[in-house]
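Have a look at the model first.

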Amino acid sequence: MIAFRTLDDAADLADKRVLVRVDLNVPMESGRVTDATRLKAILPTIRDITGKGGKVVLLAHFGRPKGRDETQSLAPVAKALEGELGRKVAFVGDCVGDEAKSAVSSLASGEVIVLENTRFHAGEEKNAPDFIEALASLGDVYVNDAFSTAHRAHASTEGLAHKLPAYAGRSMESEIEALTKALEAPQRPVLAVVGGSKVSTKLELLGNLVRKVDILVIGGGMANTFLAALGKKVGKSLCEHDLGDIARDILDKAKAAGCEIVLPVDAVVATEFKANAAHRVASVDDVKDDEMMLDAGPATVAIVKQKLDGAKTVVWNGPFGAFELTPFDAATVAVARYVGDLTHNGKLLSVAGGGDTVAALNHAGAADRFSYVSTAGGAFLEWLEGKALPGVEALRR
Ligand SMILES: Nc1ncnc2c1ncn2[C@@H]1O[C@H](COP(=O)(O)OP(=O)(O)O)[C@@H](O)[C@H]1O
Ligand SMILES: O=C(OP(=O)(O)O)[C@H](O)COP(=O)(O)O
């Protein structure tokens with residue numbers, strides 16, 4: 001039996017208000033969703049509940065707003081979800097209070113509504129009891145279908161599960177089953193690629209990850225932080241300079257654990273953060289003060305490919321560069337295609353995940369050649385290092 005409650009355990013959902021926590025934190029460009037992977041992932045759960053006559057009330061966050069911020073409203077995402085679902089998806093401009101209460105009470109059985117960004121309220125990230133109560137008053141049942149946010153002990157991802165009958169959604173269920181199957185006892189050598197821009201929230205987990213993998217390739221803004229910690233000049237690059245001690249401690253932990261660390265040796269640098277900005281390939285020892293590293297360089301890609309040739313399993317979260325901006329997608333595309341080819345030829349088991357990472361793999365046309373692609377990035381990494389995910393633990397039988 002699965003260790004946590006699923007929709008199969010849920011009693012009759014007909015006419016019930018089902019609060020479904022999903023991850024609608026999707027890549028956007030000029031108000032448009034640029035990768036719908038996370039929207040497609042939640043369709044089975046929505047259809048399961050509406051098919052049983054339930055009223056689907058979708059809870060989600062978007063970005064990291066400090067209070068109400070219309071530029072991080074879920075309204076455009078609700079519209080995109082309506083297109084993916086192929087039927088009406090209502091939207092209301094708050095997730096608690098009279099406006100939300102009235103919108104939910106007007107729902108007919110089988111209808112779907114998206115409530116506004118939960119992170120507009122400080123109580124969400126604080127997992128505050130009063131905010132949990134306010135959310136719980138809107139529903140009869142709770143379903144968590146957001147594996148990719150399960151590493152956050154927030155009101156809508158963890159607190160709610162203790163207030164209402166709580167179950168895992170179909171995407172949550174399938175993510176955990178697939179990751180367990182792929183990575184419970186991975187064939188070694190295991191190579192991890194960690195890049196991206198969420199340095200402050202992902203850096204510390206690398207300290208555990210180096211005990212789980214044989215090679216850790218670090219890219220993106222994450223790599224810039226390590227390079228700076230090693231005394232390299234990183235110019236205007238994305239970098240958390242004040243986390244240098246943690247980065248150096250991780251390098252020490254990796255050495256003690258026998259985990260090989262691979263950092264960029266060259267980068268594609270520019271003085272402007274925009275597509276087709278004037279750029280050059282520079283050694284990481286030759287970044288000028290007015291330049292920023294926006295992608296890994298060709299010499300780095302060659303080293304990564306050589307390391308991949310010797311690996312049996314690869315896990316990947318976080319692109320090597322600002323892949324949304326041509327030509328700073330080159331390293332991510334090259335490595336994604338190389339991993340896809342090795343996997344297709346039976347030489348590698350490959351698992352990748354993360355909102356932007358999945359978008360990057362799709363941009364490279366490589367996602368379908370990976371063994372498994374998860375919607376989760378940080379949650380995937382924390383699951384990999386063996387951490388209990390609050391959102392999953394709250395659903396345990
Ligand atoms: N060198 C870099 N400079 C600026 N941004 C970068 C750099 N490398 C990667 N990024 C950014 O990292 C973001 C993805 O990081 P992250 O959110 O951690 O990945 P995921 O969503 O897959 O977990 C992308 O938007 C990309 O533009
Ligand atoms: O996009 C997400 O994580 P990811 O960037 O690691 O894939 C999740 O929606 C969690 O978002 P958060 O990292 O702002 O809590």
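Q: What makes a residue nonpolar, charged or polar here?
A: Ala, Val, Leu, Ile, Met, Phe, Trp, Tyr, Cys and Pro count as nonpolar, Asp, Glu, Lys and Arg as charged, and the others, Gly among them, as polar. Sorted that way, the shell around ligand 2 has no nonpolar, 8 polar and 7 charged residues.

The model is predicted, so local features need pLDDT of at least 70 and side-chain atom pairs need 80 or more, while totals for chains, interfaces and linings use all residues. Residues are numbered from 1 along each chain as its sequence is written, chains are lettered from A and ligands numbered from 1 in the order written, and side-chain values use heavy atoms, without hydrogens and water.

Q: Why is Thr50 called buried?
A: Buried means under 20% relative accessible area (exposed is over 50%, partly exposed in between; 1.4 Å probe, protein chains only). Thr50 has 14% relative accessibility, so it counts as buried.

Q: What makes the pair of Arg47 and Thr50 a polar contact?
A: A polar contact is a pair of N or O atoms within 3.5 Å; within protein, one must be able to donate a hydrogen and the other to accept it, and residues adjacent in sequence count only if both atoms are side-chain atoms. Here the Arg47 backbone oxygen sits 3.2 Å from a polar side-chain atom of Thr50.

Q: Which side chain has an N or O atom 2.7 Å from an oxygen atom of ligand 2?
A: That's Arg119. For Asn25, the side-chain distance to a ligand 2 oxygen is 3.0 Å.

Q: How do you know that ligand 2 lies between two domains?
A: Domain 1 (7-172) and domain 2 (185-385) both give residues to its shell, so ligand 2 lies between them. The domain bounds come from an automatic or database assignment.
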